[in-house]
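Trainee: I would like a close look at one part of this model, the aromatic pairs and the nonpolar core around them. Please take it slowly and give the cut-offs as you go.

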Amino acid sequence: MSPETEYREGLEEIAAHYKEIIRLLGEDTTREGLEKTPMRVAKAMQILTRGYQQDPHRVLTDALFEEKYSQMVIVKDIDFFSLCEHHMLPFYGKAHVAYIPNGYITGLSKIARVVDIYSHRLQVQERLTQQIKDCIQETLHPLGVMVVIEAKHMCMQMRGVEKQNAITTTSDFSGAFNQAKTREEFMNLLRGEF
């Protein structure tokens with residue numbers, strides 16, 4: 001499925017609302033540059049929120065393999081873009097995910113897909129971090145999961161405090177990562193310290 005060609009129900013209604021918003025902001029919705037904007041924005045919003053239509057648990061189980069590997073598996077520097085639910089402005093950055101298998105592994109790209117699915121919903125960074133961790137824990141039943149997200153928030157850069165270089169870091173962990181030594185190993189590996 002290409003997100004650029006398949007749209008969900010409600011597209012015309014969303015476009016009509018955006019047309020009214022543009023008018024309420026003081027613009028002429030019949031001006032050449034704005035005539036097609038409401039539909040463009042409606043399509044963009046459906047693409048940016050496509051995660052509501054996807055099942056991250058299924059993504060993980062579609063590539064589930066029995067494997068006796070029981071050391072840390074890390075997928076780091078997963079780029080993501082999301083929309084802050086408070087201002088509907090983007091926040092973006094990198095997610096770093098680690099899990100310790102308990103008899104089963106999943107395809108490495110599936111970890112990135114889980115990040116993608118949850119980030120394509122209206123979000124707050126704290127919830128995004130927890131949802132990724134919970135999904136992997138509940139689906140793979142590993143010995144532990146840890147997620148660290150580093151992001152910049154346009155709602156802090158463009159409005160409010162207007163701090164362009166502020167980075168927000170969140171983390172969540174379970175199982176074996178409750179031990180400080182295991183968390184420290186993960187953080188050292190993220191920094192490239194072996």
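Trainee: Are F80 and F91 buried or exposed?

Mentor: F80 and F91 are both buried, where buried means under 20% relative accessible area, exposed over 50% and partly exposed in between, with a 1.4 Å probe and protein chains only. Bear in mind that this is a predicted model, in which local features need pLDDT of at least 70 and side-chain atom pairs count only at pLDDT 80 or more, while totals for chains, interfaces and linings use all residues. Residues are numbered from 1 along each chain as its sequence is written, and side-chain values use heavy atoms, with hydrogens and water left out.

A search of the whole structure finds three aromatic pairs, a pair being two rings of Phe, Tyr or Trp (its six-membered ring) with centres within 6.5 Å, stacked if the planes are under 30 degrees apart, edge-to-face if over 60 and tilted otherwise. F80 and F91 make one of them: their ring centres are 5.9 Å apart and their planes stand at 75 degrees, so this pair is edge-to-face. The pair joins distant parts of the chain, since F80 belongs to strand β2 (residues 73-84) and F91 to strand β3 (residues 90-100), 11 residues apart; strands (E, at least two residues) and helices (H or I, at least four) are DSSP runs, numbered from the N terminus. Another pair, F177 with F186, has centres 6.1 Å apart and planes at 75 degrees, so F177 and F186 are edge-to-face as well. F177 has a relative accessible area of 0%, and F186 likewise has 0%.

Of its 24 residues, F80, V97, I111, I132, I136 and I149 touch the most other members. At least two residues of this core come from each of β2, β3, α4 (108-119), α5 (125-140) and β6 (144-153). Leaving aside residues up to four places away in sequence, V97 touches V73, I74, V75, I78, I111, V115, I132, I136, M146, V147 and F186, a contact being heavy atoms within 4.5 Å. Apart from this core lies another, of nine residues, including I100, M146, V148 and A176.

Technical notes:
A nonpolar core is a set of buried Ala, Val, Leu, Ile, Met, Phe, Trp, Tyr and Cys residues joined through side-chain atoms within 4.5 Å.
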